[in-house]
Structure formats: C-alpha cells, structure tokens
Amino acid sequence: MSDFLRNHVQHVLLPGGMSSYRFVSSGVPQGSVLWPLLFLIYINYVVDLFTDGSCIKMYADNVKLYLEIENDSDIAMLQQSVDKFVKLAQTWQLSLSS
C-alpha cells in the first residue's frame, strides 16, 4: 500500500501541450480503483471525533459541523469542535473552504 501512495507523479494535459511531471506530496492517485476506498478510510473516522454534542454531516467531500446554540457554553463547545476540525485538516494537509 505504501508503494502505491508514495512517489507518484502527475502532469496536466492541455490542448496546447503537457506540463512537466511533478511529485504529488499528498492524496491518492485519482482514477485508481482504490481511490474511493482510500478516501472513505481517510475521512470516515471524522464523525467519531465529535462526541461532545456537536453534530457533523458528511456528503462526498463536504462536511457540515453544527450545534444548536442555547447558551455561552454551547458557543465555546462549537468553537472547540471547529478548532479540532481545523487541526485535523492541517494534520492531513486538507484545504478548507468557507
């Protein structure tokens, strides 16, 4: 498995030519049969991180993290969950969009 994920290269093909090959430092090769399985393994445990009352919903590569806010401690709890998710994304070299 590590040989599959390590030292793979990619290039971009355009109508006017092709870029040079570059090493890919993260992720899995797109178009491979293993890609969907590896993606699920990669992100599926995320829901287990939020057992503090925060809710998380995932669909494909989208994540929604939310909590019903009833008091100030709920605000702090949601912020802790967001911070935890940001740290996870940084650890796994995932970019987040708002």
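## Surface and basis of the model

The protein exposes about 7900 Å², of which carbon and sulfur atoms supply 58%; accessible areas come from the Shrake-Rupley method with a 1.4 Å probe, and for residues only the protein chains shown count as cover. The model is predicted: local features need pLDDT of at least 70, side-chain atom pairs count only at pLDDT 80 or more, and totals for chains, interfaces and linings use all residues. Residues are numbered from 1 along each chain as its sequence is written, and side-chain values use heavy atoms, with hydrogens and water left out.

## Fold and dimensions

The protein contains 3 helices and 6 strands, arranged along the sequence as α-β-β-β-β-α-β-β-α. Helices (H or I, at least four residues) and strands (E, at least two) are DSSP runs, numbered from the N terminus.

The radius of gyration of the protein is 18 Å, whereas a compact globule of 98 residues would have a value near 13 Å. This radius is taken over C-alpha atoms, and the globule rule is 2.2 Å times the number of residues to the power 0.38. The C-alpha trace spans about 55 × 30 × 20 Å along its principal axes.

## Interior and contacts

Of the 98 residues, 16% are buried (under 20% relative accessible area, 1.4 Å probe, protein chains only). The largest nonpolar core has 6 residues: Ile 43, Val 46, Phe 50, Ile 56, Phe 85 and Leu 88. Such a core is a set of buried Ala, Val, Leu, Ile, Met, Phe, Trp, Tyr and Cys residues joined through side-chain atoms within 4.5 Å.

Beyond its neighbours within four places in sequence, Ile 56 is in contact (heavy atoms within 4.5 Å) with Val 46, Val 47, Phe 50, Val 63, Lys 64 and Leu 65.

Notes. Buried means under 20% relative accessible area, exposed over 50%, partly exposed in between (1.4 Å probe, protein chains only).
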